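Biologist: I am new to this structure and would like a close look at one part of it, the salt bridges. Please take me through them one by one.

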Amino acid sequence: MAIVLSIQHLPKMTLNPIAVLNEPRKTRVPYELKQGQSRVFHQLPSGLNIEVIVQKSVKEKNPDSRKGPPLVFVHGSYHSAWCWAEHWLPFFSNSGFDCFALSLLGQGESDTPSGTVAGSLQTHAGDVADFIERNLSLPPVLLGHSFGGLIIQYYLAKMRNELHYEMQNLYPKLTGAALICSVPPSGNSGLVWRYLFSKPIAAFKVTRSLAAKAFQTSLSLCRETFFSATMEDNSVLRYQELMKESSRVPLFDLRKLNESLPVPKMTDCSTEILVLGAKDDFIVDAEGLNETGRFYNVKPICIEGVAHDMMLDSSWGEGANVILSWLNGLNR
């Protein structure tokens, strides 16, 4: 009998390293965890379980060290929790943060709901909120990549400000949110149209790579879509194999998603927002990055020499250090 481990009923912020034993793997190319990481499952109200890769702060053994807010990471399409576990979970746990990388439903080792897609903007954001509400005692920082950033934008819009705290709030308060190479508030349709008119060859490549999933079979197209030109072949090949297995069903019905956009404005203006982009991003262009910055009234930061998968790219430390500097500013 398969053993499903859930963190739902554990006291908040007392997650212990738990190995998942005898649990049938949903992915044919399993991601092997690094030292200090554990894989647990959070049970949603629906009864479905989502995968969580956990790496606690290494500073928690030192009572004199100041620990930052917990960090909750949300991936985008064709990815799952492993994409954060590769570099950024070790980096931020070593910097004093408890880290939790979620796999959305239908992705990674999470359960797959019935239907042809994993969910909607609303249901994915609600699953993130449920995890936070049931497991974290301190307001976390949400970090979302690509479509994961759009999910966080919806979460921000659903949070109540302090004037409405007497109302039931299903979306717990955040310390901050980092939108990393995020799909902008209006969705990806504007990106597609701009590419069609200004870079038709790039538009064809993006469509072939993502919509037709050609990145799964072409090493060169996978590199061009997600990574820098300097990324070594063996690394691209490894991540390509993991991405092939990361998504059993699409995150969204894109037609219904675009009909629901743009996301509403957030009402809790006390939440700190970081908008972070990559100069060599093949998916989200400069106007998409600037649109997100304007929406939240913040100046976006664009990092040179980094591609769309900032957390996996050969220069992954560039983005990590910018985020760390921003996080340290939140703690002052």
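Modeller: A helix here is a DSSP run of H or I with at least four residues, and helices are numbered from the N terminus. The model is a predicted one. With that in place, helix H3 covers residues 121-135 and holds both Arg134 and Asp130, which are four residues apart, about one turn of the helix. Their side chains form a salt bridge, with N and O 2.8 Å apart. Asp130 counts as buried at 12% relative accessibility, whereas Arg134, at 30%, counts as partly exposed.

Over the whole structure, a search finds eight salt bridges. Another one of them pairs Arg39 with Glu51, and the closest N and O atoms are 2.6 Å apart. Arg39 belongs to strand S1 (residues 37-43) and Glu51 to strand S2 (residues 49-55), so this pair ties together parts twelve residues apart in sequence. Both Arg39 and Glu51 are buried.

A further salt bridge joins the side chains of Glu86 and Arg238, at 2.6 Å from N to O. Glu86 sits in the loop between helix H1 (82-85) and helix H2 (88-94), while Arg238 is in helix H8 (residues 233-246), so the pair ties together parts that are 152 residues apart in sequence. Glu86 has a relative accessible area of 9% and is therefore buried, the limit being under 20%. Arg238, with a relative accessible area of 38%, is partly exposed. Glu86 and Arg238 are also linked with Lys34 in a network of salt bridges.

Methods: Residues numbered from 1 in each chain as written. Predicted model: local features only at pLDDT ≥ 70, side-chain atom pairs only at ≥ 80, totals over all residues. Heavy atoms only, no water. Salt bridge = Lys/Arg side-chain N within 4 Å of Asp/Glu carboxyl O. Helix = DSSP H or I, 4+ residues; strand = E, 2+ residues; numbered from the N terminus. Buried < 20%, exposed > 50% of the residue type's maximum accessible area, 1.4 Å probe, protein only.
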